[in-house]
Amino acid sequence: MKLIRMDNKIKLLFVFEIFVFLIAIIIALYLSGILNDFIKKFVPFLRGFNFSRAVIFNRILWYTIFALCLNIILKGTFSYKKIGRILISIIIFLQVIYIITYHINSRTIFNDSVKTWYNEIVLKRNNSEKIRSEEKYDKYISYNEFFSPYLFNRIKEDIAYTDEKVVAYGYHTGVLVYNGFNCIDGYVAAYPLNYFIKFSLLIKPELEQNKKINDYFMKAPRRLYLYGSELSFEITRKKDSPPAELHIDMDIFKNVFDGKYILSRAEISNAGELGLNLLNIYYDDKSIYTIYLYGV
């Protein structure tokens with residue numbers, strides 16, 4: 001395969017930059033509401049699509065542009081390729097350092113590898129109360145802490161779990177899925193409409209009394225979660241969550257979904273009204289959860 005000529009590389013670089021610019025314009029128009037209004041009026045069947053997600057393409061394009069720039073530097077700028085290679089090595093090294101430091105200092109909460117390493121190497125080996133009291137400490141949660149397989153495997157052993165239907169309350173359902181539970185809920189990008197209708201009926205008591213949650217669920221129904229006004233599903237190290245009410249339709253839970261267990265991050269204060277029995281409470285020093293196991 002013939003190498004692309006230098007002038008063609010520059011043209012290709014220009015084309016990619018134009019695409020980045022156009023995608024940025026589309027995202028800006030969508031977030032400002034201008035594109036939304038246009039779609040509602042002229043192409044209503046696209047109303048459910050989030051055009052700001054087009055930013056994903058820009059990530060690919062920027063790295064392609066970066067690679068093209070490095071190639072142009074190497075092939076077209078220096079008479080001696082050795083100088084070009086040294087310069088490119090320095091640029092790549094600086095880029096890697098930037099990515100690592102960005103992830104460490106980012107205020108967003110992700111369970112990525114860098115934060116896992118930071119948790120295991122720095123935080124756990126430093127018993128300083130100052131570090132553990134800092135606000136940022138709460139977001140440095142390792143994969144092992146997040147999924148807590150030792151804790152959930154203990155639960156499965158105690159109840160002799162054999163694929164009964166369960167739900168999570170107060171944390172991400174992916175934790176239960178990872179640990180081999182058969183979940184009614186989940187983070188699902190595409191699923192049948194009739195399942196959405198059934199799940200909507202399950203959490204209808206909460207949707208009816210909380211407009212914010214109702215709007216969130218209806219606009220982005222990919223999170224099939226048991227929502228609660230008093231208990232968030234966001235990741236936290238806090239194991240002593242106060243008791244919280246759960247508003248679901250228990251007839252739907254038992255008869256439509258054949259649900260058997262609810263694994264909650266907090267005590268369910270209205271468990272008696274729902275007909276739930278507290279079977280046990282589970283915690284572990286290595287885990288970020290205290291799990292209240294309820295059976296119907």
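This is a predicted model: local features need pLDDT of at least 70, side-chain atom pairs count only at pLDDT 80 or more; totals for chains, interfaces and linings use all residues.
Colleague: Is cysteine 183 buried or exposed?
Modeller: Cysteine 183 has a relative accessible area of 16%. The cut-off for buried is under 20%. Cysteine 69, at 29% relative accessibility, counts as partly exposed. Cysteine 183 falls under the cut-off, so it is buried.

Colleague: What does the secondary structure of the chain come to?
Modeller: The chain has 296 residues, and 39% of them count as buried. Contacts with a separation of 6 or more are 63% between residues 24 or more positions apart. The secondary structure comes to 14 helices and seven strands.

Colleague: How much of the accessible surface belongs to carbon and sulfur atoms?
Modeller: The accessible surface of the chain comes to about 18400 Å². Carbon and sulfur atoms have a share of 61%.

Colleague: Which are the edge strands of the open sheet?
Modeller: The open sheet has five strands with mixed pairing. Their order is β2-β1-β5-β7-β6. An edge strand pairs on one side only. That gives β2 (182-183) and β6 (277-283).

Colleague: Which residue in β7 is the bridge partner of isoleucine 281?
Modeller: Strands of a sheet pair through backbone hydrogen bonds, either parallel or antiparallel. β6 and β7 (residues 290-295) run antiparallel, joined by six bridges. In β7, the partner of isoleucine 281 is tyrosine 292.

Colleague: At what angle does helix α8 run to β6?
Modeller: Helix α8 covers residues 149-158. The helix lies across β5 (259-264), β6 and β7. Its angle to β6 is about 145°.

Colleague: How far apart in sequence are the parts that arginine 237 and glutamate 145 tie together?
Modeller: By the 4 Å rule, the salt bridge count is five. One of them joins the side chains of arginine 237 and glutamate 145, at 3.2 Å from N to O. Arginine 237 sits in the loop between β4 (223-224) and α13 (250-256), and glutamate 145 in helix α7 (residues 143-147), so the parts tied together are apart by 92 residues.

Colleague: Are arginine 237 and glutamate 145 buried or exposed?
Modeller: Arginine 237 has a relative accessible area of 16%. For glutamate 145 the value is 5%. Each value is under the 20% cut-off, so arginine 237 and glutamate 145 are both buried.

Colleague: Where do arginine 154 and aspartate 284 lie?
Modeller: Their side chains meet in a salt bridge, 3.9 Å from N to O. The pair ties together parts that are 130 residues apart in sequence. Arginine 154 counts as partly exposed, at 31% relative accessibility. Arginine 154 lies in helix α8, and aspartate 284 in the loop between β6 and β7.

Colleague: By about how much of a helical turn are lysine 211 and aspartate 215 separated?
Modeller: These two form a salt bridge, with the closest N and O atoms 2.7 Å apart. Lysine 211 is exposed at 63% relative accessible area, and aspartate 215 is partly exposed at 27%. Both are in helix α12 (residues 211-219), four residues apart, so the separation is about one helical turn.

Colleague: What positive phi does serine 148 have?
Modeller: Most residues other than glycine have a negative phi. Serine 148 is in the loop between α7 and α8, and at 0% relative accessibility it counts as buried. Serine 148 is not a glycine, yet its phi is positive, about 40°.

Colleague: And aspartate 258, what is its positive phi?
Modeller: Aspartate 258 lies in the loop between α13 and β5. At 42% relative accessibility, aspartate 258 counts as partly exposed. Its phi is about 60°.

Colleague: Which residues does asparagine 58 touch, not counting those up to four places away in sequence?
Modeller: Asparagine 58 is placed in helix α3 (residues 55-77). Its relative accessible area is 8%, so asparagine 58 is buried. With those sequence neighbours left out, asparagine 58 touches Phe19, Val20, Ile23 and Ala24.

Note on methods: Residues are numbered from 1 along each chain as its sequence is written. Side-chain values use heavy atoms; hydrogens and water are left out. Helices (H or I, at least four residues) and strands (E, at least two) are DSSP runs, numbered from the N terminus. Buried means under 20% relative accessible area, exposed over 50%, partly exposed in between (1.4 Å probe, protein chains only). Contact means heavy atoms within 4.5 Å. Accessible areas come from the Shrake-Rupley method with a 1.4 Å probe; for residues, only the protein chains shown count as cover. Two strands pair if DSSP finds at least two bridges between them. Axes are lines fitted to C-alpha atoms, for helices over the stretch in contact, and angles run from 0 to 180 degrees between N-to-C directions.
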